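Reader: Before we start, could you take me through this model slowly and say what each term stands for?

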Amino acid sequence: MERALHPVNARLDDHLPADHKLGKVYRVGAGLTGLLLIVFGVLGLVNQIGFFDTGGDTVLALNTNGALSVLSICIGALLVVGMVIGGTFASTLNIVLGVAFIASGFINLALLDTGLNFLAFEIQNVLFSFVVGVMLMWFGMYGRVGSALPHDNPYWRARHPEQAAREDRARRAQGAARHSPVAHGRCP
């Protein structure tokens, strides 16, 4: 069962040191996107648009209604929480919400001209969902997923523990050789 859930010897929740520089990317990505969504949601609520109104009210060139405004504020607040927590949590949250935004774009694209379009989406909202989804996924996956991660990257090290251990031993051996009396010419 474990092999089916994790077919590759890597998981998205591998540990990242709390002070690692990648955490800043995850935090900034989550925070900026969260603030954008909160501003959009607040502006939608300030305009007192009906909760499920599909009359074509716009905020920041996007169609909205009360339900979409509240949803935007909630998702934005979640991203701000991710920014505050940071680290692997922010990265994973960005990836998950990025996938959710892309899925929302496809779902709402299918619902555009139907009575089920209760979030008042128009094509510009769909495109916004795709852009935000890709942006969140990029922020979440930056330095975490790729074929050419540097060997000092904590995610590469977690996925290749044997090779990382060999490289650590070789580095320690080089350091010991440099600091030995023979290397400094102090041997008789």
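Author: Let me begin with a definition: buried means under 20% relative accessible area, exposed means over 50%, and partly exposed is in between, with a 1.4 Å probe and protein chains only. This is a predicted model, in which local features need pLDDT of at least 70, side-chain atom pairs count only at pLDDT 80 or more, and totals for chains, interfaces and linings use all residues. Residues are numbered from 1 along each chain as its sequence is written, and side-chain values use heavy atoms, with hydrogens and water left out.

Reader: Good. Is Leu-79 buried or exposed?

Author: Leu-79 counts as buried, because its relative accessibility is 0%. This residue is found in helix 3, residues 66-85, where helices (H or I, at least four residues) and strands (E, at least two) are DSSP runs numbered from the N terminus.

Reader: And what does Leu-79 touch?

Author: Not counting residues up to four places away in sequence, its contacts (heavy atoms within 4.5 Å) include Ala-30, Gly-31, Leu-37, Leu-93 and Leu-136. Leu-79 and Gly-31 are 48 residues apart in sequence, yet 6.1 Å apart in space, C-alpha to C-alpha.

Reader: Changing topic, which residues make up the largest nonpolar core?

Author: That core has 10 residues, among them Phe-40, Ile-49, Leu-112, Phe-121 and Val-126; a nonpolar core is a set of buried Ala, Val, Leu, Ile, Met, Phe, Trp, Tyr and Cys residues joined through side-chain atoms within 4.5 Å. Apart from it lies another core, of 8 residues, including Leu-97, Phe-101, Val-132 and Leu-136.

Reader: How many aromatic pairs are there?

Author: A search of the whole structure finds 2, where rings of Phe, Tyr and Trp (its six-membered ring) pair if their centres lie within 6.5 Å, and planes under 30 degrees apart count as stacked, over 60 as edge-to-face and the rest as tilted. One of them joins Phe-106 and Phe-130, with centres 4.9 Å apart and planes at 55 degrees, so this pair is tilted.

Reader: Where do those two sit?

Author: Phe-106 lies in helix 4 (residues 87-110) and Phe-130 in helix 5 (residues 123-141), so the pair ties together parts that are 24 residues apart in sequence. Phe-106 counts as exposed because its relative accessibility is 52%, whereas Phe-130, at 21%, is partly exposed.

Reader: What about Ser-129?

Author: Ser-129 lies in helix 5 and is buried, with a relative accessible area of 3%. Leaving aside neighbours within four places in sequence, Ser-129 is in contact with Phe-101, Ile-102, Ser-104, Gly-105 and Phe-121.
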